[in-house]
Amino acid sequence: MKIDVLNPADLNNFGANDDDSFELLGDLVTLNSANLTQVGREITDLLMKFGAPESDVAYINVPALNSTACAEDTCCVWKHIADEMTDLFRGQSGRCTKWARMAIRLGFHDAGAWSKATAYQGGGADGSICLTNEYTFVENSGLEDMCLQMINWYNEWHNQKGFNISMADLIRYMGANVATVVCPLGPRIRSFVGRIDSAIHNNVELLPSPFSDAADLIRLFRDKTISPHSLVALLGAHTTSQQRLTNATRTGDPQDSTPGVWDILYYEETYGAVDAPERVFKFPSDVALAKHSVTAKEWVSFLGAAGQAHWNTDYARAYIRLSLLGVNNINQLTECTRALPARTLEYKNPDQKNMDEWLKSSRVSLTSEEIAERVELGGVVDFSNLLAGNGSRRIEL
């Protein structure tokens with residue numbers, strides 16, 4: 001991340017605790033209200049902080065994939081794609097898998113390589129991260145397998161089956177939003193399709209670093225029209241994460257004590273409101289933002305019993321904005337929220353006792369690595385089944 005690519009007007013603009021963005025994006029900036037479609041009006045409201053960013057509307061009587069009815073309904077094919085993705089994103093334990101978490105991160109990295117200062121160069125939510133070699137850049141390390149999976153899905157649904165889908169929508173609408181709602185307790189974000197792909201790679205210098213200080217991150221995201229308020233909400237996606245690259249000596253360590261679950265423990269443990277087990281890994285940038293004068297108030301608002309619903313709503317609204325960065329045909333998009341899976345409103349880890357044992361220590365061992373891999377795949381942590389075929393090996397955490 002290079003701060004010198006930011007809009008000069010924002011270089012010293014941190015904002016205030018109650019600062020928020022109401023900026024319009026893309027073609028909505030210049031369109032007269034009389035020329036807005038229904039979707040254009042609804043997205044305008046969402047960007048202006050009106051309207052509900054979550055929805056539980058269901059898809060009733062889904063047509064068969066190759067039927068005339070399906071061909072006449074833009075959302076039909078997306079329902080079938082979402083069902084296929086869900087099988088990969090949900091593990092045996094009910095937690096979301098590493099594929100879901102990578103899909104969420106991929107959505108951030110594709111859209112996040114955009115700013116107001118560099119908008120004339122393109123970038124944003126355009127699918128370029130997987131349509132070019134952008135996913136091989138060091139800033140996108142760890143996303144190679146997810147991009148290859150997206151390319152496989154794109155080849156299957158677009159090239160082989162002939163459906164008019166874009167990579168940008170596959171990443172953003174399907175990948176990220178299906179993954180988010182598959183994670184237990186995750187929001188069901190209103191989702192729109194119709195983005196246009198680009199085969200020109202984006203400016204990855206506009207992506208954040210886990211080692212950036214809070215002030216730089218606030219400035220960076222403000223130039224994406226994302227306020228400190230929304231930045232704090234978006235960071236919560238780390239709640240499902242297991243880091244692999246920030247500290248290679250602690251590969252697989254989670255960023256809160258319930259990896260694969262979309263809960264507020266990330267906020268509580270990063271802030272220090274509750275003690276975090278030793279294995280929980282905190283990004284330096286996250287700790288800095290938790291305590292920064294501009295972002296701390298919003299961070300604290302996500303703590304406690306009322307925090308979950310508040311965070312889900314704020315995250316959904318912030319992600320809708322993120323998903324539209326660099327999109328210049330917003331007025332022509334189609335809402336397909338009904339094609340998403342249903343959300344999971346209640347969840348309890350079936351293996352919490354064993355998870356707690358693993359979390360107690362950050363020690364690296366064959367056992368701890370196997371547990372990390374099992375958690376990544378959404379599997380149930382069962383010590384009696386660990387190290388199959390190696391019964392003589394003592395379990396060490």
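Ser 191 touches Tyr 173, Asn 177, Thr 334, Glu 335, Cys 336, Thr 337 and Leu 340, leaving aside residues up to four places away in sequence; contact here means heavy atoms within 4.5 Å. This is a predicted model, in which local features need pLDDT of at least 70, side-chain atom pairs count only at pLDDT 80 or more, and totals for chains, interfaces and linings use all residues. Residues are numbered from 1 along each chain as its sequence is written, and side-chain values use heavy atoms, with hydrogens and water left out.

**Around Ser 191**

Ser 191 sits in the loop between helix 7 and strand 1. Helices (H or I, at least four residues) and strands (E, at least two) are DSSP runs, numbered from the N terminus. Is Ser 191 buried or exposed? At 1% relative accessibility, Ser 191 counts as buried, where buried means under 20% relative accessible area, exposed over 50%, and partly exposed in between (1.4 Å probe, protein chains only). The side chain of Ser 191 also makes a polar contact with the side chain of Asn 177, at 2.8 Å. A polar contact is a pair of N or O atoms within 3.5 Å; within protein, one must be able to donate a hydrogen and the other to accept it, and residues adjacent in sequence count only if both atoms are side-chain atoms.

**Two positive phi angles**

Leu 185 lies in the loop between helix 7 (167–182) and strand 1 (192–193). Leu 185 has a positive phi of about 80 degrees although it is not a glycine, and it is buried, with a relative accessible area of 18%. Asn 61 is another non-glycine residue with a positive phi, of about 55 degrees. Asn 61 belongs to the loop between helix 1 (38–47) and helix 2 (68–71), and with a relative accessible area of 70% it is exposed.

**The chain as a whole**

The protein chain has 15 helices and four strands. Its radius of gyration is 21 Å, close to the 21 Å that the globule rule gives for 397 residues, so the chain is as compact as a globular protein of that length. That radius is taken over C-alpha atoms, and the globule rule is 2.2 Å times the number of residues to the power 0.38. Along its principal axes, the C-alpha trace spans about 70 × 55 × 40 Å. Of the 397 residues, 56% count as buried. Among contacts between residues at least 6 apart in sequence, 75% join residues at least 24 apart.

Helix 13 (residues 307–322) has 16 residues and reaches 22 Å from its first C-alpha to its last, close to the 22 Å expected at 1.5 Å a residue. The expected span is 1.5 Å times one less than the number of residues. Within helix 13, 13 of the 16 residues are buried, so this helix is largely enclosed by the rest of the structure.

**Nonpolar cores**

A nonpolar core is a set of buried Ala, Val, Leu, Ile, Met, Phe, Trp, Tyr and Cys residues joined through side-chain atoms within 4.5 Å. Which members of the largest core touch the most other members? Of its 91 residues, these are Trp 78, Phe 89, Met 150, Leu 170 and Tyr 315. Helix 7 gives the most to this core, with nine residues. Apart from it lies another core, of eight residues, among them Leu 359, Ala 372, Val 375 and Val 381.

**Salt bridges**

A salt bridge is a side-chain nitrogen of Lys or Arg within 4 Å of a carboxyl oxygen of Asp or Glu. By this rule the count comes to 17 salt bridges, including these:

| Pair | N to O distance |
|---|---|
| Lys 116 and Glu 23 | 3.3 Å |
| Arg 219 and Asp 216 | 2.4 Å |
| Arg 374 and Glu 370 | 3.6 Å |

Lys 116 lies in the loop between helix 4 (98–112) and helix 5 (128–131) and Glu 23 in the segment before helix 1, so the pair ties together parts that are 93 residues apart in sequence. Lys 116 is partly exposed at 31% relative accessibility, as is Glu 23 at 32%.

Arg 219 and Asp 216 are three residues apart in helix 8 (residues 214–222), a separation of about one helical turn. Both Arg 219 and Asp 216 are buried. Arg 374 and Glu 370 lie four residues apart in helix 15 (residues 366–376), about one turn of the helix. An α-helix has 3.6 residues a turn, so residues three or four places apart point the same way. Arg 374 counts as partly exposed, at 21% relative accessibility. Elsewhere, salt bridges that share partners join Glu 42, Arg 190 and Glu 335 into one network.
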